[in-house]
Amino acid sequence: MTTLELTLSEQVRQQNPVVLTITNAVTPAKVADALSAIGASPIMSLAPQEANEMVTLANAITINLGTINKEQVEEITTVLKENRDQKPVVLDPVAVGASQYRLTVTKNLLQNYQFTVIRGNAGEIAALANVNWSSHGIDGGSGQANIHKIAKKVAQTYHCTVVLTGNTDIVTDGNNEFINHLSTNYFITNVGSGDMLSSITAAYLSVSDSPYLAACTATKFFTAAGVKAAREATGFGQWQVKLMDELTTLDPNEVLSFL
Amino acid sequence: MTTLELTLSEQVRQQNPVVLTITNAVTPAKVADALSAIGASPIMSLAPQEANEMVTLANAITINLGTINKEQVEEITTVLKENRDQKPVVLDPVAVGASQYRLTVTKNLLQNYQFTVIRGNAGEIAALANVNWSSHGIDGGSGQANIHKIAKKVAQTYHCTVVLTGNTDIVTDGNNEFINHLSTNYFITNVGSGDMLSSITAAYLSVSDSPYLAACTATKFFTAAGVKAAREATGFGQWQVKLMDELTTLDPNEVLSFL
Amino acid sequence: MTTLELTLSEQVRQQNPVVLTITNAVTPAKVADALSAIGASPIMSLAPQEANEMVTLANAITINLGTINKEQVEEITTVLKENRDQKPVVLDPVAVGASQYRLTVTKNLLQNYQFTVIRGNAGEIAALANVNWSSHGIDGGSGQANIHKIAKKVAQTYHCTVVLTGNTDIVTDGNNEFINHLSTNYFITNVGSGDMLSSITAAYLSVSDSPYLAACTATKFFTAAGVKAAREATGFGQWQVKLMDELTTLDPNEVLSFL
C-alpha cells in the first residue's frame, strides 16, 4: 500500500470520471449514489441506439449481469462492440452459478470481449473456473476448493484482474495477489455491496494505468469506508447511511490506518 | 401468539431461505434489503430462460404485480408453471383495482395457479372480491363493505390465506382470523411497505407447515419492527433507516410485548 | 413569495393528488418516496394497456426520459395521447444532450404534445435550445451562454414553464422569472434530486391554476427542505435521510425564512 496508490481516490474526486453502468434492475440507485459519493459521475442507459455515444462519453464501463434477459444481453453486446477505444470494463457476473442461462451468456461475453476486471464472490468466480461450488442464490456459498487458486486461474484464463470478494477479498492479476482483510457482515446483508464495488472499481480504472493497483485501491477504499461505517453504526439501516457518508468524505490517508 | 410461532423468525435467520421475487420496477432494492435483513436470501430474475433453475433454488416465491406488462406476465407465467414442487407462493396484486388490465391478469393467474397467500390492502382485496371500493392509486382507499367479510370471501374463493393490510391488518384462511393492531402511519408513507411484507411472508412460509400461522407471524414481526422503529424515529427518513435496523435485530420474544 | 403560494404545500398534503410518473429505471423508489413524503400519491406503470385508466386516475403526470428505450417511448406516447383532459404534465429530459437518440425523442415529444413544465439542468435546457454546452453525463456541465436567456427561449418556444436547476434555480414562463438561491451540494451528489423535483412539481401543478407559481413554490419547498436537511446532516447519507424527514414535516411558513 503506497501513497501513490492512495492518490487514486483523490484523482477520482478531482477528475469526476463518467462511469457507464449497464445495471441490474435491483440496485441501480445504490450504484449510482455510490459512484456519485466517491466523486464519479454515473450514467445508465437501456437503449442500443445510444450505445455509441454513451461509450464515447464514458471513462469506464461496468457490465452487471444481475437480472439479464434477452433485451439486456443485446444492449450489453452493443455497448461492448462500441468500445473500440478499449476503455476499461468491469464485469460483474452476479449469481452466474445459479442458472445455465447466466453461465452461457457470461462465458460468451468472456470469449468475445476483453474485460479489465472481473468482480464476483467465491461462488461466482468458482463458476467461471468450472469448479464445483455450493452456491446459495446471490450469496457466496461454500466449497472445498482453494479460492486463491480459483481467482488466479480465472485471471490467467481471461487475461484480466480478478476481485474475489468475501470475508477476505482477493485481488489478483494472475501473478500478483493482494489480500484484504477489511470486512464487516453488513456488506453481506446489504444487497448491492458487490454491485457498488464493481462500479467503483471502474471509476478507479479510469484514473490509473494499472488495473491491478486500481482494483486493489478501490477494494481497500470501499471496504475501509464500510468498516469505518460499521464502527459508528448501531444497525444495518444506519450502516447503509454511514457508508454513503464515508464514501463521500473518507480521507484516503486514513485508509492506511485500517490496513 | 405462541412461543412456537415466534421461533419462525429464528428459523428464517438460521435457515436463510432463498426467496425468488418477481418484483415491480419501483421497490426491488427495498424488498431485497428487507429479505436480507430478516435473514433470508433474495434473488430476482427477468429471464424466462432461467425460470426453472430459479424456482428450483428458491424456497419460496413472491409474485408482485406492481408494474406488470406483457413481458413480465410471460415471465410470471413461466415461473408459476415451473413451480411443480408447489413451493409456497405469495401474490401481491398491487393496485389491482386501478386498471382492467391488472384485474384481468390477476384473475387469470388466480384461476390457473394456486397461491399460498394473497397480500394486499383493502382496495386490492376488495377488487378481487368484486366489491365496490373507492381506490386511490396504490393506496387502500375507502369503502362501505366489511373488510373482514371481504378477506374471508377471497380466502375461501381462492383456497388460500389472505393478509389484508391497513391501520388494522387482517389475516384469514377463510376459517380463522387474526387481527393485528400494530401500526404506524410511516408504513403508509413508505412506498413498498406492502411489497416488503409480501416477500417477508414468503420467507416465513418456507419455514412453516402452516401458511396461516406463517402469515400471522410475518405480519406481527414486520409491524412490530415498524412500530418499534416509529418510537425511535423523529421523521420518515429516519424511520426507514430504523426499520432496517429492527428487521435485522428485533428479538422475536420482544414482539410479544407489542401485542 | 406570498402566503397564498405557500398554501399550495398544504393543499398537496390535504388533497393527496395522484401523480403518474413514467419513471427512469434508476430512481423510481426515490421519486415515489418523495411524492409520498410531501403528501401526494405516486403511481407507476409500464403497460400501454392501462395507460387510459392510469391517466384518468392521475391528477398530474411526469415523463422522465432518464433511461428511455423503444418500449418506453411507446409507453410515453400512449400516456400522452390518452391525456385528452390535458392534465398537467412535467417533462424531465434527463441527459438529453448526451445522445442524438435522446434529443430526437425529446424534440419529437415537444413537437407533438403540450407540456406544462420542463425541468432540467443547464446542460439539458441548453440542448433543447440548440445552444452549445459542455455536458458531463447526467450533470449540468458548463457553458458560456446566458442560462437566463436559454431558459426564457425554451419557455417561449414550447409555451410552457421552464425550471432550470443548479446552484441557482431559474423558473420562467417566458415573461416572468423567479431566481432561487437555496442550494446545497448534496442535491448534486444525490442521484435523482432532479427526478424528485420534477414529480414534486407535478403534484403542485395539480393543486394550482398557475403553472408558474406552482413550479416556483415546488422548487422553493424542495430546496428549502434540502437546505434545512443540510444544516442538520453530517454527511451525504444522513442528508438523504433528513431530506425525507423534511419533505414530510417542513412547515410551509418556515420556507419563508429561507428566502
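Me: Which residues does M44(A) touch, leaving out those up to four places away in sequence?
Reply: In this predicted model, M44(A) touches L20(A), T21(A), T23(A), P28(A), V31(A) and A32(A) from chain A, together with V26(C), G66(C), T67(C) and R102(C) from chain C.

Me: Is M44(A) buried or exposed, then?
Reply: M44(A) has a relative accessible area of 7%, and because buried means under 20%, M44(A) counts as buried.

Me: Where is M44(A) in the chain, and what feature does UniProt place there?
Reply: M44(A) lies in the loop of chain A that runs between β2 (41-43) and α3 (51-57), and the unreviewed UniProt entry places the feature "binding site" at M44(A) and also at G192(A).

Me: OK, and G192(A), where is that found, and is it buried or exposed?
Reply: G192(A) is found in a loop of chain A, between α8 (186-189) and α9 (193-205), and with a relative accessible area of 9% G192(A) is buried.

Me: Switching to helices: at what angle do α10 and α11 of chain A cross?
Reply: The axes of α10 (residues 211-232) and α11 (residues 236-249) of chain A cross at roughly 130° and come within 8 Å, so α10(A) and α11(A) are oblique to each other, and their crossing is right-handed.

Me: Which residues make that contact, and what classes are they?
Reply: From α10(A) the contact is made by F221(A), F222(A), A225(A), G226(A), K228(A), A229(A), A230(A) and E232(A), and from α11(A) by W239(A), K242(A), L243(A), E246(A) and L247(A). By class, the contact of α10(A) with α11(A) has 8 nonpolar, 1 polar and 4 charged residues.

Me: How does α2 of chain A pack on α11(A)?
Reply: Helix α2 (residues 28-38) of chain A packs with α11(A) at an angle of about 35°, the axes being 7 Å apart, and the crossing is right-handed. Here K30(A), D33(A), A34(A), A37(A) and I38(A) of α2(A) meet Q240(A), M244(A), L247(A) and T248(A) of α11(A), a contact with 5 nonpolar, 2 polar and 2 charged residues.

Me: Over to chain B: where is L250(B), and what is it in contact with beyond four places in sequence?
Reply: L250(B) sits in the loop between α11 (236-249) and α12 (252-257) of chain B, where L250(B) is in contact with R13(B), F221(B), A224(B), A225(B), K228(B) and V255(B), leaving aside neighbours within four places in sequence. L250(B) counts as buried, at 1% relative accessibility.

Me: And how many Å apart are L250(B) and G192(B) in space?
Reply: From C-alpha to C-alpha, L250(B) and G192(B) are 20 Å apart in space, and in sequence they are 58 residues apart.

Terms used: Residues numbered from 1 in each chain as written. Chains lettered and ligands numbered in written order. Predicted model: local features only at pLDDT ≥ 70, side-chain atom pairs only at ≥ 80, totals over all residues. Heavy atoms only, no water. UniProt positions renumbered as here; feature names shortened; annotations may be inferred. Helix = DSSP H or I, 4+ residues; strand = E, 2+ residues; numbered from the N terminus. Buried < 20%, exposed > 50% of the residue type's maximum accessible area, 1.4 Å probe, protein only. Contact = heavy atoms within 4.5 Å. Axes fitted to C-alpha atoms, helices over the stretch in contact; angles between N-to-C directions. Parallel < 35°, antiparallel > 145°, perpendicular 65-115°, else oblique. Left-handed = near helix turned anticlockwise from the far one by under 90°. Nonpolar A, V, L, I, M, F, W, Y, C, P; charged D, E, K, R; others polar.
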